[in-house]
Structure formats: structure tokens, C-alpha cells
Amino acid sequence: MKFLKIENKILNVEQIKTVTENHVTVGFAKDADDSPFSDPIKEVRGIMVHMIDNSDYEYFVFESETIESFYKKLVTT
């Protein structure tokens, strides 16, 4: 088994299902017609690593990582 340490978490490489960007809503767009329903403003803050066979969490969020930096760490393990 191979393991990868990121921040204070240790991940089993074999249990990583997907890695996606973590999109966070930071506000809402102001509509010209003053509608109560406005579009969310989202920005990318780190990555979300989805795991398989994990009863505690379905995913981990790492705000200090990008998909590219995570991939480089994964390849060097």
C-alpha cells in the first residue's frame, strides 16, 4: 500500500476515487431587477479528494492544494 500525507491527513492512495476543485460560494450577484433569487458567486479554493470505503468521511478538502500540486505529490510516492 502507498500512503500520501497532506496537511495533517494520511491518505491511502488505493482508496482515492476522484480529485476535483473545491468550489465555495463567496457571495451572490446583485440582480438589476432586485429579484430575491440571485446567482451565486463561486471561487475555487483548493481541492476535494473523494475516497472509497471510508466510513467517517466521503471526501477531504485541502485548501492549500491544487490539482496539479496534488498530482505531483501522488506521482512521487
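Trainee: How many helices and strands does the protein have?

Mentor: The protein has one helix and five strands. Helices (H or I, at least four residues) and strands (E, at least two) are DSSP runs, numbered from the N terminus. The order along the sequence is β-β-β-β-β-α. This is a predicted model, in which local features need pLDDT of at least 70 and side-chain atom pairs count only at pLDDT 80 or more, while totals for chains, interfaces and linings use all residues. Residues are numbered from 1 along each chain as its sequence is written, and side-chain values use heavy atoms, with hydrogens and water left out.

Trainee: What percentage of the residues count as buried?

Mentor: Of the 77 residues, 22% count as buried. Buried means under 20% relative accessible area, exposed over 50%, and partly exposed in between (1.4 Å probe, protein chains only).

Trainee: Which residues make the nonpolar patch?

Mentor: M1, F3 and I10 make a nonpolar surface patch of about 380 Å². Patches are made of residues with over 30% relative accessible area and no salt bridge; like charges are joined within 9 Å, nonpolar side chains (Val, Leu, Ile, Met, Phe, Trp, Tyr) within 5 Å. I10 is in strand β2 and is exposed, at 61% relative accessible area.

Trainee: Salt bridges, then. How many does a search of the whole structure find?

Mentor: Two. A salt bridge here is a side-chain nitrogen of Lys or Arg within 4 Å of a carboxyl oxygen of Asp or Glu. One joins E43 and R45, whose closest N and O atoms are 3.0 Å apart. K73 pairs with E65, and there the closest N and O atoms are 2.4 Å apart.

Trainee: What does N22 touch, leaving aside its neighbours within four places in sequence?

Mentor: N22 is in contact (heavy atoms within 4.5 Å) with E43, V44, R45, G46, I47, M48 and V61. N22 lies in strand β3, residues 16-28, and counts as buried at 7% relative accessibility.

Trainee: K17 is in strand β3 too. Buried or exposed?

Mentor: K17 is exposed, at 54% relative accessibility. Beyond its neighbours within four places in sequence, K17 contacts H50, M51 and I52.

Trainee: What share of contacts comes from residues 24 or more positions apart?

Mentor: They account for 45% of the contacts with a separation of 6 or more.

Trainee: Last topic, backbone angles. What is the phi of E7?

Mentor: E7 has a positive phi of about 50°, although it is not a glycine. Most residues other than glycine have a negative phi.

Trainee: Where does E7 lie?

Mentor: In the loop between β1 (3-6) and β2 (9-12). E7 is partly exposed there, with a relative accessible area of 42%.

How values were computed. Areas by Shrake-Rupley, 256 points an atom, 1.4 Å probe, with all protein chains shown as cover.
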